[in-house]
Number of protein chains: 2
Amino acid sequence: MENKYHITLVGSGMIGAGLAVNALMNGHPTIIYDVIDLEKVKKTVQDVLDIMVEAGAITGEKAAEAASLASYTNDLDAAVEKADFVQECVPERIELKQSIYRQIQEKRGDKVVICSSTSAIMPSVLQKDMLYPKKILVGHPYNPSYLLPLIEVCGGPDADQEVVELVMNIYRSMGKEPIYCKKETEGFIVNKLSWAAMDAAKKVVLDGVCSVEDIDKAIIYGPGMRMAVTGQIMTMSLGVQGGLKAAAAKYGKEPNEADIILGDGVDAEIAARPKEFGNIVEDVIKFRDKIFAVILKEYGKL
Amino acid sequence: MENKYHITLVGSGMIGAGLAVNALMNGHPTIIYDVIDLEKVKKTVQDVLDIMVEAGAITGEKAAEAASLASYTNDLDAAVEKADFVQECVPERIELKQSIYRQIQEKRGDKVVICSSTSAIMPSVLQKDMLYPKKILVGHPYNPSYLLPLIEVCGGPDADQEVVELVMNIYRSMGKEPIYCKKETEGFIVNKLSWAAMDAAKKVVLDGVCSVEDIDKAIIYGPGMRMAVTGQIMTMSLGVQGGLKAAAAKYGKEPNEADIILGDGVDAEIAARPKEFGNIVEDVIKFRDKIFAVILKEYGKL
């Protein structure tokens with residue numbers, strides 16, 4: 001089977017079931033392991049498939065095809081017997097996670113790569129005292145995991161780049177968009193932005209500037225829509241004629257080191273985009289506007 | 001003409017032309033005033049109409065219809081002769097803006113409401129020494145103004161609520177989503193969140209955690225998509241079983257005052273949503289997932 005992996009999900013809450021459905025939708029034979037009643041596990045996976053059909057993400061036919069590739073077990077050894085890749089989605093308890101990794105690595109040696117869905121525990125902590133520490137990474141999804149493509153991969157300070165590349169490719173083959181977080185840092189990458197924005201939002205409401213409803217509406221119809229299309233730094237760059245490096249000149253200043261690093265970064269980012277999303281500023285703007293129009297139609301605004 | 005206003009745009013850069021096109025698309029007779037060559041002004045408006053057609057936001061027929069409602073002048077007195085509403089989009093110079101307001105109010109008395117597109121000058125500053133200060137407000141759009149619906153309205157400490165309501169309704173009749181900013185505060189509402197997120201993004205890049213490209217991708221496919229659909233505070237609430245008020249309980253704590261204010265705010269927000277966007281949590285999630293699926297198809301991810 002070309003580019004198909006044997007994938008095992010350990011834990012079948014909405015996050016685990018969501019990622020299982022991503023694997024199944026993309027044709028990977030997938031085993032879902034949990035300690036609870038398997039009928040319950042099957043129901044959660046089927047619920048996610050139903051959500052995907054209802055959302056218009058997949059057809060009913062495709063959902064049935066995906067379901068046929070799933071198997072279920074309460075036996076961890078059996079669950080990982082042929083696994084290339086294990087995604088662990090159990091509660092945030094280090095001992096629980098490590099006991100699972102220990103059992104998997106005792107059974108399968110270094111033949112399987114394990115990623116944890118943890119949003120808070122650093123890979124070096126998970127790797128400590130394990131048999132094959134470099135085969136344990138963090139692969140942090142975003143809620144709702146069945147639809148949002150983002151996975152933050154973090155391998156810790158001793159990461160093996162070959163293992164990282166393999167994990168990134170496995171996620172891509174599951175339809176995800178993996179991002180590599182080079183350093184261990186609280187919240188990995190994007191929670192830092194979400195937390196900072198949330199603190200600012202809290203302050204606005206508590207200061208009586210506007211209601212929760214108004215701030216959410218304001219975000220949805222303004223910066224949120226922009227961030228969904230051009231991210232954070234590119235958005236800010238597109239807001240200034242000539243990009244981030246030109247912003248300083250507007251105030252008669254030379255760009256500082258940060259302006260140059262960020263400005264060059266955006267230039268590189270735009271040049272590296274797939275042509276159909278625009279790889280020069282003018283075409284990025286055309287792509288952005290097209291996506292805005294599509295979203296606004298869904299909101300009944302056009 | 002029912003719900004149609006005579007609208008005048010003062011200034012015809014991309015922001016002014018964009019808002020002019022919003023007025024025209026919604027059937028308002030609209031005059032665009034500038035001091036430059038009128039052929040140039042017409043071209044900018046036509047460029048925005050062409051962008052809207054290319055983005056799939058409006059049909060060519062609709063664009064032609066909109067264009068037919070536009071008129072152009074270099075004479076400010078003539079531009080505002082019948083105006084109900086003036087949107088001022090000139091450079092950020094207080095004297096320039098005030099000299100325009102003075103001329104308009106000398107000509108038309110208090111019969112016209114003026115909103116400034118300023119992103120930085122507070123309404124009380126714009127109102128100072130004006131003939132009819134309460135008829136001057138801030139109506140701050142978001143780039144690209146022709147597509148993003150957000151307008152932040154701020155009337156300052158002496159705002160007349162009837163004037164505020166009128167302005168909000170005029171914006172709604174232009175297809176915009178106006179938000180009322182109750183207090184004068186730097187950046188009004190949403191720039192505070194954008195600036196906080198941008199600072200966090202800068203730090204991540206400068207600390208070598210990931211590249212500009214990776215952080216933008218991470219935002220697009222994760223929190224950005226969420227913010228485009230459920231805003232900032234509702235997104236955070238949907239991420240916790242039971243909502244924001246339940247989050248404290250997870251750690252064995254009582255919710256504090258902020259948890260209660262924000263939690264109650266989200267509850268009120270959800271209950272007030274139009275039924276088709278979901279007005280209970282389960283239906284908000286269904287609506288959210290449907291929009292995610294639509295966006296992901298545009299990205300070639302489904």
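Chain B is superposed on chain A with an RMSD of 0.0 Å by a turn of 180° and a shift of 0.0 Å along the axis. This is the relation of a two-fold axis. The superposition of copies was made by least squares on the C-alpha atoms of residues with pLDDT of at least 70 in both. The structure is a predicted model, in which local features need pLDDT of at least 70 and side-chain atom pairs count only at pLDDT 80 or more, whereas totals for chains, interfaces and linings use all residues. Residues are numbered from 1 along each chain as its sequence is written, chains are lettered from A and ligands numbered from 1 in the order in which they are written, and side-chain values use heavy atoms, with hydrogens and water left out.

The contact between the two chains (heavy atoms within 4.5 Å) takes 94 residues from chain B and 94 residues from chain A. Of the interface residues of chain B, 100% are also interface residues in chain A, so the copies meet through the same surface. The size of an interface is often given as the accessible area lost when the parts come together. Here the buried area (accessible area, 1.4 Å probe, that two parts lose on being put together, summed over both) is about 8,500 Å² between chain B and chain A, and carbon and sulfur atoms give 70% of that area. Six salt bridges are found across the interface of chain B and chain A, a salt bridge being a side-chain nitrogen of Lys or Arg within 4 Å of a carboxyl oxygen of Asp or Glu. Glu177(A) forms a salt bridge with Lys301(B), in which the closest N and O atoms are 2.4 Å apart.

Chain A is divided into domain 1 (7-181) and domain 2 (191-298), with bounds that come from an automatic or database domain assignment. The centres of the two domains of chain A, taken over C-alpha atoms, are separated by 32 Å. An unreviewed UniProt entry annotates residues 187-256 of chain A as "domain: 3-hydroxyacyl-CoA dehydrogenase C-terminal"; UniProt positions are given in the numbering used here, feature names are shortened, and annotations may be inferred rather than shown by experiment. Over residues 187-256, chain A is 70% helix and 0% strand, and the end C-alpha atoms lie 28 Å apart.

Helices (H or I, at least four residues) and strands (E, at least two) are DSSP runs, numbered from the N terminus. Asp77(A) belongs to helix H4 (residues 76-80) of chain A and is partly exposed, at 28% relative accessibility. For relative accessible area, buried means under 20%, exposed over 50%, and partly exposed in between (1.4 Å probe, protein chains only). When residues up to four places away in sequence are not counted, Asp77(A) touches Gln103(A) and Lys107(A). Gln103(A) is 26 residues from Asp77(A) along the chain, and their C-alpha atoms are separated by 7.6 Å.

A cis peptide bond with omega of about 0° joins Asn143(A) and Pro144(A). Pro144(A) is placed in the loop between strand E6 (136-141) and strand E7 (150-154) of chain A. In chain B, the peptide bond from Asn143(B) to Pro144(B) is cis, with omega near 0°.

Positive phi values occur in two non-glycine residues described here, Asp129(B), at about 65°, and Phe188(B), near 50°. Asp129(B) lies in the loop between helix H6 (123-127) and E6 of chain B and is exposed, with a relative accessible area of 64%. Phe188(B), in the loop between strand E8 (177-181) and helix H8 (190-206) of chain B, is buried, with a relative accessible area of 0%.
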